[in-house]
Amino acid sequence: MKIHLIGICGTGMASLAGMLKAQGHEVRGSDQNVYPPMSTLLENFKIPVSTPYAVDNLKEKPDLVIIGNVVSRGNVEAEVVLSQNLPYLSMPQALEKFFLPEKIPLIVAGTHGKTTTSSLLAWVLEEAGEDPSFFIGGWPKNFERNFKLGNGKYFVLEGDEYDTAFFDKESKFLHYLPQHILLTSVEFDHADIFSDLEQVKGAFGKLLKLLPQEGNLIANLDFSVVRELIKSFPGHLVTYAMKEENREKADYFGEVMNTSPQLNFCILTREEGKECCHHEVGWGIPGQHNVSNALGVIALLSSLGIPWEKIQKGLKSFQGVRRRQEIIGEAKGILIIDDFAHHPTAVLETIAAIKEKYPDRRLWAVFEPRSNSSKRDIFQNDYPKSFLLADKVLLADVFMPEKVKDGKVLDVEELVHSINQDSKTKARHLPGVEAIVQTLAKEALPGDVILFMSNGGFGGVQKKTLDSLS
């Protein structure tokens, strides 16, 4: 088929384009902004990209148009598609149509941990010789890219609850034909599309209803909403937990043995109603939340009949995901780490993980409120406790606050005040990337760890800080 992708330079859309090209289709696309790394990926696949959006980009009519989530009504190409009645699909619909019917989709869903958990799941299956396919929102370090078309029966998908397209406001994961689901967590997020927690629960509830009778639901008991959602689940349920209060109810329980220099944990399971230490794992990824991610993967793969020896091999060799506690470099004894954290829970867990990994080093937490939820005031009272374990906190400006049309913008100065209730000099608001870089270059000391957190580019502050220190 001749397939045109509108918004082709998005992470998911560029990957989809590569998969379609590998399937033998004639693929092209368009976007408003064309830049690396996705433009480089498309160039390597020899997929032509037109910029900007234009009516002429559809002059040679394709057999199918795939419209990305970033595209809204009013986009000139989308209007051509509608006025000329050209066949079109969303990205999730295209995945459903072209790649999933002959596979066993394994859906990793949840507010937190989707990318790391799906990356780990794909890698362990790879190391186990299953040759899986996968499509992941982040970039697993063990693979050359964030997608793969394998010959095996499993297809690992990061199940995103965000809406599908301007013409389909249901969650993306409802298109993924789930045969097995790993549910990591459910909390309120995506305030631009969900009005409250009930709507979020409704989306995940719809996903669980799609699971066939023979499918496995692997659920994390450490989140109260997850416990609520699985109360009436009629199928095969396997549970896991890290919190002590959920220990007696969980089929799999993770117990951390030590955190530094390497994190080790024990997997406790139940056999004949009795708890036993099933295996001890040497785990290279810091943070108890990442132990939880690993526990979910272990529970799912064990349910699928993958032998422990093969699971263990993948766990030991997993390298993590780019922009998830990723070490950028070290200069003058000062370590620079980058992370995608933006939700209050993710910020809290990431800071805790880095503090566990480097307990004797002073920790700077540098945060940019950038996501559609974090730039709103809905988490105004939740963020202060997220920064408790950091020694120093620098808060950037809210990114593009004018985009908040339907509510109040996060008050960064008020957040600084709340963080500083116990320590008057712990947190500061620094407007602009250059001010942050200059402050860190002046005040950071040998032995410090600087943790940057944002779900976007953060103005390149990570490398600018490293270069300034160097």
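**The cavity and the overall fold**

Modeller: Helix H10 (residues 344-357) gives the most to the lining of the largest cavity, with three residues. Helices are DSSP runs of H or I with at least four residues, and strands are runs of E with at least two, numbered from the N terminus. This is a predicted model, in which local features need pLDDT of at least 70, side-chain atom pairs count only at pLDDT 80 or more, and totals for chains, interfaces and linings use all residues. Residues are numbered from 1 along each chain as its sequence is written, and side-chain values use heavy atoms, with hydrogens and water left out.

Biologist: What makes a residue part of the lining of a cavity?

Modeller: On a 1 Å grid over the protein atoms alone, a cavity is a set of points where a 1.4 Å probe fits but cannot get out, and lining residues have an atom within 4 Å of a point. Trp283 and Lys357 are therefore among the lining residues of the largest cavity.

Biologist: What is the volume of the largest cavity?

Modeller: The largest cavity has about 50 Å³, where a volume is the space filled by probe spheres set on the points.

Biologist: Why does the radius of gyration agree with a compact globule?

Modeller: The globule rule is 2.2 Å times the number of residues to the power 0.38, over C-alpha atoms. For 470 residues a compact globule would have a radius near 23 Å, and the protein has 22 Å, so the two agree.

Biologist: How many of the residues are called buried?

Modeller: Buried residues (under 20% relative accessible area, 1.4 Å probe, protein chains only) make up 57% of the 470 residues.

Conventions: On a 1 Å grid over the protein atoms alone, a cavity is a set of points where a 1.4 Å probe fits but cannot get out, and a pocket is an open set with protein on both sides within 12 Å along at least five of seven lines; lining residues have an atom within 4 Å of a point. Buried means under 20% relative accessible area, exposed over 50%, partly exposed in between (1.4 Å probe, protein chains only).
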